[in-house]
Amino acid sequence: MDEVTGAQLIAEALKSQNVEYMFGIVGVPIIEVAMAAQAAGIKYVGMRNEQAACYAASAIGYLTGRFVSCCPAPPVSQADSREITQAVRLLRAAQRPLIIIGKGAAYARAEKEVRELVEVTGIPFLPTPMGKGVLSDDHPNCVAAARSRALLQADVIVLLGARLNWILHFGFPPRFSPHVKIIQVDLCAEELSNNVRAASALLGDIGAVVRQLLETVRSWRFPSDSQWWLTLKEKMTANAQISKSLALQSTLPMNYYTAFHHISELLPKDCIIVSEGANTMDIGRTMLLNYLPRHRLDAGTFGTMGVGPGFAIAAAVLEQTQKSAQRVVCIEGDSAFGFSGMEVETMCRYKLPIIIIVINNNGIYSGVDPKTWKEMEKMGDMTTIAPPVTLLPEAQYEQVMSAFGGRGYLVRTVEELRSALQESLDNTQMPSLLNVLIDPASDLFNYLQASRISTYFGAI
């Protein structure tokens, strides 16, 4: 009888726990573990950095809903009926109600129940970044285009698997009304009344709790002709006009809105969008719509940079296995790309047709143009002169992809952007990287940057 090795025992244990994918970096003494895992039928994806491997593993769990099941899954739980009654009482009395759909609703696979709640009650909703797509971003009740107004003026907010962390400004004034009443639905007891005390705390599975709410609230509907809806629609229209005017600017270099406008026109509605960065992620959330649940992966709760390539690899490996033909598009700020950029070699090695779009503004938040950079270099030691947010202007990130056999594109104009993206979408055999050069001062932070640069060059 052949002797069973320790590596084989580990692989068999993982297989028995329904592990299908393994992401990692091998070295002595764990090379044998990866080989044994492959022999056991587990897909092993060798990454270039431990951090990216961890991100990939977490994304697979989120996308599939399957994790290593060392303990039994918790039972589906319902909220206390008294809290349900209190929540419905608050909703019926609300003048300016709002539903916030969080990542927890996507994780719970509660899209059917959430849709019914929104459409039965007629309440406007706002998705958090990874709650996008639980209901389509183009749903008539989505008020993402009036996000600030909705948060500030809502008097009753239903949190569906959303946490009052930095993404939602912790629920504090001046972003929220100091008198807002929170109805919080969450699976984790320790999250209830975190930062802001909930007026109604509904502990339980989101799908199950929403069904409880529907049983009680079904006879009530918030009027579509209310002043609240009128206020939100006016703000959405005004903001849409501003975004449109920025998106249709023809000046070069492009700004964020122009780039995202043309990207959004070409992306398939069922593509998985991975995004990270500062302005790239923030503006991209408003410009790039999601139509399906769990089709957006970004820096999330902790705002961690470097997540993009790992998330994209996980999504692409899953799509490759399922043969669903859904494209994975990873949209990165140039600073964010630098955290895990070497993972493009992983993409090329496994022939994962990921499309990376680097929105390159030469810096963190904002940078400077090549001419300004050269002038600064003449002034002496760049460690004391170059603003800390600047990166090397017009870095050729597309060559990183080309170095490993993928397709790299340097993009300066709208025509080049549309052509390169369409070619990349048509190519399902290898990854691509579009290095999109935009105006280094096209964001709100450019005023701070201009102030700093003006000390060197007089007036901007």
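**Calling things by their cut-offs**

Me: In residues 84-213, 32% is helix and 18% strand, and the end C-alpha atoms lie 6 Å apart. What makes a run a helix or a strand?

Reply: Both are DSSP runs, numbered from the N terminus: helices (H or I) need at least four residues, strands (E) at least two. This is a predicted model, where local features need pLDDT of at least 70, side-chain atom pairs need 80 or more, and totals for chains, interfaces and linings use all residues. Residues are numbered from 1 along each chain as its sequence is written, and side-chain values use heavy atoms, without hydrogens or water.

Me: How do you know which class Glu113 falls into?

Reply: Its relative accessibility is 15%, so Glu113 counts as buried. Arg211 has 39%, so that one is partly exposed.

Me: What makes Glu113 and Arg211 a salt bridge?

Reply: The rule wants a side-chain nitrogen of Lys or Arg within 4 Å of a carboxyl oxygen of Asp or Glu. Here the closest N and O atoms are 2.6 Å apart, so the pair passes. Glu113 sits in helix H6 (residues 111-121) and Arg211 in helix H8 (residues 206-217), so the bridge ties together parts 98 residues apart in sequence.

Me: What about Arg296 and Asp298?

Reply: Their N to O distance is 3.3 Å, a salt bridge again, and both residues are buried.

Key. Buried < 20%, exposed > 50% of the residue type's maximum accessible area, 1.4 Å probe, protein only.
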